[in-house]
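Take a walk through this fold, one element at a time. Keep the viewer open as you read.

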Amino acid sequence: AENASRTLSNAEIMDAVKRHAAGDWGEAELEDRAANERALAFNGRLCSVFRSRTGNRFYVITETGHHTTTILVPAEY
């Protein structure tokens, strides 16, 4: 099975997490961007969408409470 740690470089992961933490939601849809903005006020779930150097989409998801952030490829999401 495909997973983020096998398909993404550490640099890609770190760059995406930094962008996500700074409020850059990448390629997230407009509705998801609005949901993220609302979630910031309540420590709700945040989801960003980025692309790897090879063009593959992946997700950075911070769970409610903002204690855990996960990187997922579409097959895992």
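Helix H2 has twelve residues and reaches 16 Å from its first C-alpha to its last, close to the 16 Å expected at 1.5 Å a residue. That expected span is 1.5 Å times one less than the number of residues. Helices (H or I, at least four residues) and strands (E, at least two) are DSSP runs, numbered from the N terminus. This is a predicted model: local features need pLDDT of at least 70, side-chain atom pairs count only at pLDDT 80 or more, and totals for chains, interfaces and linings use all residues. Residues are numbered from 1 along each chain as its sequence is written, and side-chain values use heavy atoms, with hydrogens and water left out.

Which residues of H2 are buried? They are Glu12, Ile13, Ala16 and His20. Seen down the axis of H2, the buried residues fall within an arc of 95°, so they line one face of the helix. The arc is that of the directions from the helix axis to the C-beta atoms. An α-helix has 3.6 residues a turn, so residues three or four places apart point the same way. On the other side of H2, Asn10, Ala11, Lys18 and Ala21 are exposed. Buried means under 20% relative accessible area, exposed over 50%, and partly exposed in between (1.4 Å probe, protein chains only).

What do the buried residues of H2 pack against? Their partners are helix H1 (4-7) and the strands S1, S2 and S3. Contact here means heavy atoms within 4.5 Å. H2 (residues 10-21) lies across S1, S2 and S3, and runs at about 50° to S2. Axes are lines fitted to C-alpha atoms, for helices over the stretch in contact, and angles run from 0 to 180 degrees between N-to-C directions. After H2 comes Gly23, with a positive phi near 90°.

Now the sheet itself. Three strands form an open sheet in the order S1-S2-S3, with antiparallel pairing. Strand S1 (46-51) and strand S3 (69-72) stand at the edges, each with a single partner strand, so one side of each is left without a neighbour in the sheet. Neighbouring strands are turned by 20° against each other on average, direction ignored. Two strands pair if DSSP finds at least two bridges between them. S2 (residues 57-62) and S3 pair over four bridges. Tyr59 stands opposite Leu72 in S3. Val60 has Ile71 of S3 as its bridge partner.

Next, look at Ser48 in strand S1. Ser48 counts as buried, at 0% relative accessibility. Its side chain makes a polar contact of 2.6 Å with the side chain of His20. His20 is one of the buried residues of H2. A polar contact is a pair of N or O atoms within 3.5 Å; within protein, one must be able to donate a hydrogen and the other to accept it, and residues adjacent in sequence count only if both atoms are side-chain atoms. Residues up to four places away in sequence aside, Ser48 touches His20, Asp24, Trp25, Phe58, Tyr59 and Val60.

Go back to the start of the chain. Asn3 is found in the segment before H1. At 17% relative accessibility, Asn3 counts as buried. The side chain of Asn3 reaches the backbone nitrogen of Arg6 at 3.0 Å. A polar contact of 2.8 Å joins the side chains of Asn3 and Ser5. Leaving out residues up to four places away in sequence, Asn3 touches Val73 and Glu76. Ser5 sits in helix H1. Ser5 is exposed, with a relative accessible area of 61%. The C-alpha atoms of Ser5 and Ile71 are separated by 8.4 Å, with the two residues 66 apart along the chain.

Most residues other than glycine have a negative phi, and most peptide bonds are trans. Helix H3 (residues 30-41) is followed by Asn43, whose phi is positive, near 55°. Asn43 lies in the loop between H3 and S1 and counts as partly exposed, at 42% relative accessibility. His66 is found in the loop between S2 and S3. Phi of His66 is also positive, near 60°. At 28% relative accessibility, His66 counts as partly exposed. The hairpin of S2 and S3 has six residues between the strands, and Gly65 there takes a positive phi near 95°.
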